[in-house]
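Subject: Structure for you to look at

Hello,

Here is the structure I promised. Please open it first, then read my notes below.

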Amino acid sequence: MPRYKLTLEYDGTPFVGWQRQENGPSVAGALAEAIERFAGERPDVSGAGRTDAGVHALGQVAHLDLANEKPAETVRAALNFHLKPHPIAVVEAEIVPGDFHARFSATWRRYRYRILNRRAPPAFDRGHVWHVPVPLAADAMADAAAALAGSHDFNSFRSASCQAPSPVKTLDLLDVARSENEIRIDVGARSFLHNQVRILVGTLALVGRGQWTRRDVEEALAARDRTRAGPTAPPHGLCLMEVRYDLAADDRGDTEVASDEE
């Protein structure tokens, strides 16, 4: 039974999230329906990041098994045809070893959060940026972000419903940069806690507004208490940019991937 690795991009606006749920359409559900129309099968579809409602992806990765082997390009083209009119595209498809797992084989994930920082609301990027009309000091946000980089107990920066057994995570990348009216926050790690990136962003926005200092962020981190960190930023500014794998090693030593953010 061949296993296929799919690289996907999607607009998360109309979906309740990646996972299939009873309260509305999901990305995984739309993909499963497209597979059924194409191949007459309804296999389980596993994703690298279980994105929440309204969260987007440019580099989501999923895997699935089909009973009969078909060329990877045929699978890609057929799924894109049957996914219409959903805002989902299969960018790449390839056959991978049977022990490949989109979630547990992943060695690194990168998310980007976009803030539009100007008085005027977005037109073209509506639904894809968090519009903050008051001025934000990106340099101060970057300085405070440095206190959160590395390995820490991030209990203050995860949702109350997070089911990860340990709050300790290692942020290999936490970069804040402004380009004209847009502030981009890139966060990279092997795995994330539920809502971790959005709570980080909401906290850094307080620093940008001048309401908090780096010391306040450090104290929130040390408190290990969700009520001590900032608010959760809205989902529509967040995008899963890429997922990396070491297929040669297929190291699954860290399986505490929680919800892999949003």
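Is Phe-157 buried or exposed? Phe-157 is buried, because its relative accessible area is 0%. Buried means under 20% relative accessible area, exposed means over 50%, and partly exposed lies in between (1.4 Å probe, protein chains only). Phe-154 is also at 0%, so Phe-154 counts as buried.

Some ground rules. This is a predicted model, where local features need pLDDT of at least 70, side-chain atom pairs count only at pLDDT 80 or more, and totals for chains, interfaces and linings use all residues. Residues are numbered from 1 along each chain as its sequence is written, and side-chain values use heavy atoms, with hydrogens and water left out.

Now confidence. pLDDT is the predictor's confidence in each residue, from 0 to 100. The protein has a mean pLDDT of 94, and 94% of its residues reach 70 or more. Residues 250-259 fall below 50. Where pLDDT is low, the predicted coordinates should not be read in detail.

Next, the rings. Rings of Phe, Tyr and Trp (its six-membered ring) pair if their centres lie within 6.5 Å; planes under 30 degrees apart are stacked, over 60 edge-to-face, and the rest tilted. The count is five aromatic pairs. Phe-154 and Phe-157 have ring centres 6.1 Å apart and planes at 75°, so this pair is edge-to-face.

Last, the whole protein. Of its 262 residues, 52% count as buried. Its C-alpha atoms fill a box of roughly 60 × 45 × 30 Å, taken along the principal axes.

Best wishes

Key
Contact = heavy atoms within 4.5 Å.
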